[in-house]
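Please look through the model shown here, and then read the notes that follow, which are grouped by topic.

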Amino acid sequence: MVKKSFSIFILILCLGLFLVGCPKKKVVVYREQPSVVKSEEASRLEAERAAREAKEAKERELARIKEEDAKKAREGELEKSLVAKKERGIEGEVFESNLLKDIHFDYEKYDIHPRDEEILKENAAFLEKNPKMKIQIEGHCDERGTAEYNLALGERRANSTKRYLVSLGITSDRISIISFGKERPLDPGHNEEAWAKNRRAHIVVLSK
């Protein structure tokens, strides 16, 4: 009986020692460190920034090439339009260009007619696209009146045209004026139709 009790005691003791020697396993959850997350986010943002800058650089280069092509096209168009005049201007050789349009005036008038404002705006836009170009505005009249009167009237017409172009942003140092009065009629006829053609401001090119 004593031996049996002793054996049971030993068994219980061993069981207790076994349970004490086997601690519970801890479950470890691995999580990314904050520094690793931040590094990946920074890399992503840097890649996006580099891609955006590369795209913008490509767009700028395409715009530059497009502008150069447009400039060459304008220069080619201008060169084709120029025809040297026989008569020299006040600053030397002058060229006619069908890209610069005439405006016309009423009898004995030198104010800009509303119908011609759009023409002058188109002329100004052309000059803005060719910033090195200098022009000469010729004032012309019909055959009626004295030579002296028409020279003065032609000068006023040329000046009115110049002032309007300057008001549109063309610098005055690019514009010279001259009056031919009734000396160089566009139409040699002696009727109202011819006179209307001759009352004009004509623009020629001094330098490109």
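The count comes to one cavity of 30 Å³ or more, where a cavity is a set of points, on a 1 Å grid over the protein atoms alone, where a 1.4 Å probe fits but cannot get out. The largest cavity has a volume of about 40 Å³, a volume being the space filled by probe spheres set on the points, which are joined across faces, edges and corners. This is a predicted model, in which local features need pLDDT of at least 70 and side-chain atom pairs count only at pLDDT 80 or more, while totals for chains, interfaces and linings use all residues. Residues are numbered from 1 along each chain as its sequence is written, and side-chain values use heavy atoms, with hydrogens and water left out.

**The cavity lining and E108**

- Among the residues that line the largest cavity are Y107, E108, C141, D142 and R199, lining residues being those with an atom within 4 Å of a point.
- E108 is placed in the loop between strand 3 (103-104) and helix 3 (114-129), where helices (H or I, at least four residues) and strands (E, at least two) are DSSP runs numbered from the N terminus.
- The phi of E108 is near 60°, a positive value in a residue other than glycine, whereas most residues other than glycine have a negative phi.
- E108 counts as partly exposed because its relative accessibility is 41%, given that buried means under 20% relative accessible area, exposed over 50% and partly exposed in between (1.4 Å probe, protein chains only).

**Helix 3**

- The buried residues of helix 3 include D116, L120, N123 and L127.
- The exposed residues P114 and K129 are carried on the face of helix 3 turned away from its buried side.

**N198**

- N198 belongs to helix 5 (residues 192-198) and is buried, because its relative accessible area is 2%.
- A polar atom of the N198 side chain lies 2.7 Å from the backbone nitrogen of L186.
- Not counting residues up to four places away in sequence, N198 touches H140, C141, D142, P185, L186 and D187, contact meaning heavy atoms within 4.5 Å.

**V205**

- V205 is found in strand 6 (residues 200-207) and is buried, because its relative accessible area is 0%.
- Although V205 and I175 are 30 residues apart in sequence, their C-alpha atoms are 9.6 Å apart in space.

Methods:
Polar contact = N/O pair within 3.5 Å; in protein donor to acceptor, adjacent residues only side chain to side chain. 1 Å grid on protein atoms, 1.4 Å probe; cavity = no way out; pocket = protein on both sides within 12 Å on 5 of 7 lines; lining within 4 Å.
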